[in-house]
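Dear colleague,

Please look through it first and then read on.

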Amino acid sequence: MDYNFLEKYETEITEVLHDLGKIPEPSFKEYKTTEYIVNYLNKNGVKDIRVTDPGCLFHLDFGSSKTVALRADIDALPLDSSGEKYKHICGHHLHTAALLSLVKILLDKKIQPKVNLRIIFQPAEENISGANFMIKNGAMEGVNEVYGIHVDPELDKGVVGLKTGNMMAGANFFDVTIKGDSTHAAYPHKGSDVVVAASDFVCRLQNIVSRKIDPTLNALVSVGKMQAGDIANVLPEKASLAGTFRFFDEEAAAVINDHLRLLAESISLFHNVYTYVDIHEGISPVHNDKVLSKEIGGRLNRVLEKLELIDDERLSLTGEDFACYQQVTPGVFFKLGTRTNQNNAPLHNRDFSLSDKSAVDAVYFWLNLVDILE
Ligand SMILES: [Zn+2]
Ligand SMILES: [Zn+2]
């Protein structure tokens, strides 16, 4: 479908995108953003909004026995460690603007999809806790399928990427605390050196993926935080590490889990320290149901005129809590290409930017997707 009438909505879509871009808020603090979304929806005739503050969800009943959820995430990211400056450098304002515009157009044009729609404006995607928060608030009650999109500056504007099966990694997190006996830096033998123990832990950690996991499986372990000591000539009594591991198979996750604990025991013995590992379960991999992806991809190919749907072969080790919805019911997550000569900085980079026309692409995509649902 060409949806040529979209031209008339371009100014408003852009305005919403810019409005949201001016109120970037961090995960679970998206109060102004939620207020904006709810006001916009009320103004455009949506009733019975369940405001989860932050975030909201509602149901559009089109008299079908089937309900399909469409999800947008609404949070922004900090620009530095001051915790004062935020910016939409993951493009979630575009996801939000597009879904708001879709709802407005469906109601304006009295479009009647063949399925009921559950519209979800989810907070806190960046700290991967918002999806489960929305599910606890009833987002997936009675839902049969779920769809989402994410902007992607690695793909050209005008392209939509669809990856069948595993798409983005499952992510778990861990904290390591190492305690020893503090001593003078010149008498290491009189105490137990937690700095060396922590360094040893970080280096040997990399052996888990390279030596303990089937090399044909994709997995990753990274330590992003390492803290110990304050003074150059004192060996401190405590060191702490924090990191994450990524996986596509439960088998790989279990191996990493077990070997993190084994490594802690071995570090304790060798360095005569106390090592404690705390593993926090994060999210499952984003997995696009194979049958549904094929079916929906085929139908989209027949209707999309202004965007090109491509088979996206890329596997990403980043996580995305859209996976939580897919744990409840089958769903597909799409990538919307946004790269132009002017807009090519990567996601989460402070220079990340989007062309206003990309928001129109997203609305066009949603209109076509809603059209082919049955
Ligand atoms: Zn992000
Ligand atoms: Zn994102």
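Predicted model: local features only at pLDDT ≥ 70, side-chain atom pairs only at ≥ 80, totals over all residues.

Residues are numbered from 1 along each chain as its sequence is written, and chains are lettered from A and ligands numbered from 1 in the order in which they are written.

Helices are DSSP runs (H or I, at least four residues), numbered from the N terminus. Helix α9 covers residues 356-372, and its end C-alpha atoms are 26 Å apart, which agrees with the 24 Å that its 17 residues should span at 1.5 Å a residue (the expected span is 1.5 Å times one less than the number of residues). Because 13 of these 17 residues are buried, α9 is largely enclosed by the rest of the structure; buried means that 20 or more other C-beta atoms, placed from the backbone, lie within 10 Å of the residue's own.

The axes of α9 and helix α3 (residues 92-108) come within 9 Å and cross at roughly 50° (axes are lines fitted to C-alpha atoms over the stretch in contact, with angles from 0 to 180 degrees between N-to-C directions). Among the residues that make this contact are L94 and I105 of α3 and W366 of α9.

Helix α1 (residues 6-21) also has an axis that comes within 9 Å of that of α9, crossing at roughly 120°. Here L6, E10, I13, T14 and L17 of α1 meet D356, A359, V360, V363 and Y364 of α9, where contact requires C-beta atoms, placed from the backbone, within 7 Å.

With best wishes

Notes
Helix = DSSP H or I, 4+ residues; strand = E, 2+ residues; numbered from the N terminus. Buried ≥ 20, exposed ≤ 12 C-beta atoms within 10 Å, placed from the backbone. Contact = placed C-beta atoms within 7 Å.
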